[in-house]
Amino acid sequence: MRKSGITGICLLMLLCSVAVFPLTVSAELTIEITQGVDNPTRIGIAPITRDGKSLPEDVSKIVSADLQRSGLFRPIPRRDMLSFPATTKEVYYRDWRILGAEYLVVGKTTHRGGIYEITFSLLEVHSAKVVFTKVVKGSNTQLRDLAHYISDEVYLAVTGIPGAFSTRVAYVTAAPFNGKMRFRLMVSDVDGARERLMLESKEPIMSPAWSPDAKQLAYVSFETGRPAIFRQDLATAKREQLTNFRGLNGAPSWSPDGRQLALVLSKDGNPEIYTFDLQSRRFTRRTKHFAIDTEPNWTPDGKSLIFTSDRGGSPQIYKLGIASGSVERLTFRGSYNARPRLAKDGRTLVMVHRDQGRFHIASQDLVTGDVRVLTQTYLDESPTVAPNGAMLLYATKKGSKGVLAAVSLDAGVKFFLPARFGDVREPAWSPK
Amino acid sequence: MLASRFVSFSIAILVSLALHGFVIYLLVSHWGPEKSLRKAAPPKYVQAKLVQLEEKAKPKPKPKAKPKPKPKAKPKPKPKAKPKPKPKAKPKVKPKPKAKPKSKPKPEPKPEPDSQKMQQDLASALAAEEEFLAEEQAAENDEQLASSYSAYIFDRVAGNWNRPPSARRGMEVQLSIQLVPTGQLISVSIVKSSGNAAFDRSAEQAVHKAGRFEKLQELPPRVFEQYFRQLHLVFRPEDLRL
């Protein structure tokens, strides 16, 4: 009996060793890399010139500044560069490895008939491979656009996200002029360059909003003595007044198809959300509630509106199904959530969130419900998300002055935009 | 008397069984591919050094030294390995009785070729069974060495892996890389793409940036050939927020 027991044990051991064996022997060793680092990418941007002569705009400097500002790149300063290659054939990879560059951008320009043509390449330094070579053309005045285009292409290849360097920002400035406040609606490149005046007024201008094709702006102007909604074409500067109701006329927002505006009117008593069909000129009331409903914004599919309402006792963000008319509350954390904007993915909600008495910008993942406070400045307002969803702009205070600031949606990058004269408020990031 | 023998056997067997069970438990519960690689790292290095201990045996009179040192060297590594999650080592404990005498184990630097020679000498001097055991042991050591150096490769590559912001948990790219015994990288190729070019590129870059895995030079050639000439790397971020 004991013997059989021993035999049994032996069998068991045999089984065990058989079971263990396949676990421990494999044909080819596989190593799983499950961790990494997330540092800014070191990139060299060699000067882009025309046969050694500098261009009217320093294109590579603009590219370098674009990428640096994204927070995801750390460009190598030009003074550290050991060589200035203009084509892939002229690159000595060793020169760039020494500098720690992971990527390199080279480019050369030809100038024919007033048109600049830039041939640029992105190279991987460590594997000595060319990722792409592309050509972009433009006139003298478009050199900045060419530079932003190069930035977009490089950003997309390295990060997998479309760049947003070719976009613009609309904003309102307020500064005293001859003892009176002077309001201006401005549009500039997202890097602050090429600032352009759209409208100047002695009365306040508010809530600029871009059309989806980025060719028009809608905004609220008090120039008639009470708030009215206008739209204006950027190319022609032609304006049109859309509303002239008693009471509040505010917070316009373009539908994704560009045919309607959502807006707030208080003509029927208290502020309610309406949509306005630009073709038929018809207003449709969308909310009916004794509480304040304001700041409407479309979901990317155009089927719902998100808006701020105090119907629950404190300002919170709600979602309204346009076809069904059903209303759903989206925010539950904190006693103040307002000024909602959705990123293009339709999933990331950004808003003004009061946290311990201070107003910060926060994001909420509408799928998981996670709320993250993104900013450390306070009195933050008017968040607006970049079309690529990687970053947002908002208005805040620096000292007593209103300034614009940017923060990445992962809160990893934060910076103030260059200071301007007077207060700057209500940024709106163009959709393109 | 016979009975008492059985009893003593059965105790030994029970102990052995318990150890096996423990080993199996460890394998089953802790043998996560990556975890074990990481964990195993430090002890393994120690072990790699222990292999060199066989050198010590050399000074001794050959005939005598041989039988002894061999068994000895082996048992040694085991006890050490034990504290760590190294499972295999246990069952092999058999040679232990033999091993005891020798224990000088100073972490000798790296006379790899020598040790190999030694091993050959020793092997010839040993009985067939011992030889067999030794082989098994060697295979086991090789494996432990391999997993120790896998951890080293993990660290080098992970430390150079700069994930793009479009990287998400759940993405995976598989690379096949070729190395030569100096540890120099010869080629990298994508076996299975993640579908995200930037993500794939970041993985390739990580390997290129690591470039050379010098420590692989310390490996006995057979271990290198078996495990490291051609390697499979799977990049699967698990520490991302999204």
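Start by selecting A:R78 and A:D58, whose side chains meet in a salt bridge (3.1 Å, N to O). A salt bridge here is a side-chain nitrogen of Lys or Arg within 4 Å of a carboxyl oxygen of Asp or Glu. A:R78 lies in the loop between strand 3 and helix 3 (93-98) of chain A and A:D58 in the loop between strand 2 and helix 2 (59-70) of chain A, so the pair ties together parts that are 20 residues apart in sequence. Helices (H or I, at least four residues) and strands (E, at least two) are DSSP runs, numbered from the N terminus.

This is a predicted model, in which local features need pLDDT of at least 70 and side-chain atom pairs count only at pLDDT 80 or more, while totals for chains, interfaces and linings use all residues. Residues are numbered from 1 along each chain as its sequence is written, chains are lettered from A and ligands numbered from 1 in the order in which they are written, and side-chain values use heavy atoms, with hydrogens and water left out.

Next, show the open sheet of five strands in chain A, with the order 3-2-4-5-6 and mixed pairing. Its edge strands, strand 3 (73-75) and strand 6 (129-139) of chain A, each pair on one side only. Two strands pair if DSSP finds at least two bridges between them.

Select strand 4 (residues 103-112) and strand 5 (residues 115-124) of chain A: they run antiparallel and are joined by 10 bridges. Within strand 5 of chain A, A:I115 stands opposite A:R112. Then move to strand 6 of chain A, which is antiparallel to strand 5 of chain A and joined to it by 10 bridges. There A:F132 is the bridge partner of A:L122. Four residues lie between these two strands of the hairpin, and A:A128 in the turn has a positive phi of about 55 degrees.

Now go to A:E272 and A:R285, whose side chains form a salt bridge (3.1 Å, N to O). A:E272 lies in strand 16 (residues 272-277) of chain A and A:R285 in strand 17 (residues 283-285) of chain A, so the pair ties together parts that are 13 residues apart in sequence. Is A:E272 buried or exposed? At 1% relative accessibility, A:E272 counts as buried, while A:R285, at 28%, counts as partly exposed. Buried means under 20% relative accessible area, exposed over 50%, partly exposed in between (1.4 Å probe, protein chains only).
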